[in-house]
Amino acid sequence: MKYSAELEFRNGMPVVLLDGEAVPPVIYGLSDIAASRCHTEQARHNAGEFIKAGIRLVQCDWNLRDGWTCNHEFDISAFLNDIRQMVEEYPMVRFIIRLHMNPPDWYLQENPDEMTVFGIGEPLRADNPDRLITGDALPSRRVALGSELWVKDACNVLADMCRQLTASETGSHVIGIQPACGVNGEWHWWAGDNHPDYSPAQTRFFRNFLKGKYQSVDELRKAWNNDEVDFETAEIPPVRARIYASDGIIRDPECEQAVIDSLKAQMLAPAVAIEKFCETVKKSSGRPMLTGAFFGYIFGTGPKNIAGHLEVDLLLKSPYVDYTAAPAVYGETRLPGRACISRGLVESARLNKKLYLSEMDQRPEGVVASAPGGDPARDEMTINLMRRGVMEVFTRGMGHWYYDHRVVPGGGFFEKFGWWDTPVLAAEVVRENQIFNTYFDRPYHSQAEILCVWDAESYYHVFTGWEPAPLSWHEDELFETLGRSGAVCDHIYWNDIKLADLDQYKIVVIANKIVASPEDHDFVRRKLLQNGRQVIFLYAAGFSDGQKISVENMEKFTGIKTARAGFYKGFMLDGELLRSTMHVDPVFRADDPAAEVVACLGTGQEAAVVRKSVENGTVWYFSLPYLSASFVRNRMLEAGGHLYSDKELFVNAGRGLLSLHAPAADNYLITLRNGKKVQLDMKLGDTVVLDAESGEIL
């Protein structure tokens, strides 16, 4: 039997077809540690509980290097033995393999030029046989992600593995491959604090990138302002040049194009590798197989140029990639009453007809080694946080996996038990799956009237160090502000804005578009500033045109005259202090007589927030990249938009569902789109799921 899985776009969203049958995109995920191998009794038990709840898809980790033989073939026997007993117990199970593409150590010793070279620190040997990812964040012995030789050889081994899976009755239960590499298998460059990669492999990749971008040596020399550089001798700029920027936190292309190019090439390398691996799976399996990768993180990654996934557009446009995936942002945003932020731009995935999978890996409240299922006295909050995490993406037309995440506090690599393996939490999984099965095939229409647009290219033009906190750390706060406004907001890349139905949006926030071309200027006038729409530009919008930086460029993009201002960290808006927690330099002030001043920087007279009416809409300019939820609510009321709540509340809507999460204990009046009203008395951290038409609590 050749089992299969494929992606089909219908009803306005991606749909997973499992052996030809549409199923909710919901998965149970085992961890990467020894205690979570499929053949262990505990892993089989945990997966079995989810299979009994109706979730047939199971994700598990394999390491390509463990089957990579010296003649570059694949020995699949140990891998089939890993899943055989689970297949025998649960014949309906289907596996998605998170396949770590790291080559064997002997391969790196034979091919030293294909190994990552760090700008700071020497490579060490820091592997742990019980956990592949040990040492990923250290300057360890690791393959260069831009190595064309590694990609070629790994593709050959991967193709052999795929053919053997299809030929095996046991292996045919594998219906998806998720190539993994980089830190934690998430395609971040190894040991970002040590500034990779200066290897011969990445240098070759960089030079080939330059050949593709610049059609002649003369064009390269002009762009770099360097009369001696050529395609055969171009070097990756030194660490200091790649960390710092010439104008505060912003790079000037006239003198820093070499740095900008090197960072782009570094971010392109993982995307190229992922696409080649996914193509190999598609072409070698002889049956439909799902492919995807951890990629496309915008939120929660710190300095984007080193740690992020800026070239996700390659994967979103690729015919060989079905999905991108990510865990929710870690840290304070996971606390009760906070946003639980998907790291990727979910709506961009949908616009490109791709699936987005969120890793729901938030441990139950009160987890310790002696209580891996959490504190029973806190089960109510655990359930609320589970619902918040899974509904945040499900209502946006996408899917998730429940990930039994690695080691519990006080435990070890061989002491992993199921986080949801208690009667109360298992019953919640069943309840959630009943909702998924009831609503997953409802036609999807975005309910958002706010659009937030992010520009991946602009991150190459900003400071990338950790201290002081860079501009790239404002994303999480902006997502949460928009999310708690009581309205629904879509988030997309600027590259996808032409795919969006702009007519549905009353407010568009341009979050970080520092680089804007003349074509971008024209698009704002012709498409965004129409139908009375309010367009909000944050910080240095349009400061660079890709060739030089100037405030004149900003005016061309925003329509607001600006000038440089003094150094300020905040301003008052609607009686609320919005204070910067990051390093913003330079700072700009509005200097436009035709604009209404709404707020000033600090306590002075320099305009921080202005509003300007134009022929077909309203332009807002903010000196610092901060909004407030009350400001967003007021703009929605002005625009005649729909607020689901009479107070600030996290709202997600779609698939016939409404998911609400309370930032504070209060009584909330919920207004559905059809005018029906529902009164909810909610505690801090409560998550309530409603039928979007009837208002019934599910």
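Contact here means heavy atoms within 4.5 Å. With that rule, take I120. I120 touches D193, N194, H195 and V239, leaving aside residues up to four places away in sequence.

Some ground rules. This is a predicted model, where local features need pLDDT of at least 70, side-chain atom pairs count only at pLDDT 80 or more, and totals for chains, interfaces and linings use all residues. Residues are numbered from 1 along each chain as its sequence is written, and side-chain values use heavy atoms, with hydrogens and water left out.

Back to I120. It sits in the loop between α3 (105–110) and α4 (148–167). Helices are DSSP runs of H or I, at least four residues; strands are runs of E, at least two; both are numbered from the N terminus. I120 counts as partly exposed because its relative accessibility is 42%. On this scale, buried is under 20% relative accessible area, exposed is over 50%, and partly exposed is in between, with a 1.4 Å probe and protein chains only. The C-alpha atoms of I120 and M267 are separated by 19 Å, and the two residues are 147 apart along the chain.

Next, helix α5, residues 200–213. α5 has 14 residues and reaches 20 Å from first C-alpha to last, close to the 20 Å expected at 1.5 Å a residue. That expected span is 1.5 Å times one less than the number of residues. Which residues of α5 are buried? A201, Q202, T203, F205, F206, R207, F209 and L210. Their cover includes α6 (217–224) and α8 (253–284).

Now the rings. Rings of Phe, Tyr and Trp (its six-membered ring) pair if their centres lie within 6.5 Å; planes under 30 degrees apart are stacked, over 60 edge-to-face, and the rest tilted. The count comes to 25 aromatic pairs. Take F206 and W224: their ring centres are 6.1 Å apart and their planes at 20°, so the pair is stacked. This pair links distant parts of the chain, with F206 in helix α5 and W224 in helix α6, 18 residues apart. Both F206 and W224 are buried.

Y244 and F463 make a tilted pair, at 6.2 Å centre to centre and 50° between the planes. They are 219 residues apart: Y244 is in the loop between α7 (239–243) and α8, F463 in the loop between β12 (450–454) and α14. Y244 counts as partly exposed because it is at 40% relative accessibility. F463 is at 6%, so it counts as buried. Ring pairs also link Y28, F50, Y402, W419 and W420 into a cluster.

Last topic: cavities. A cavity is a set of points, on a 1 Å grid over the protein atoms alone, where a 1.4 Å probe fits but cannot get out; lining residues have an atom within 4 Å of a point. Grid points are joined across faces, edges and corners, and volume is the space filled by probe spheres set on the points. The structure holds 9 cavities of 30 Å³ or more.

Notes: 1 Å grid on protein atoms, 1.4 Å probe; cavity = no way out; pocket = protein on both sides within 12 Å on 5 of 7 lines; lining within 4 Å.
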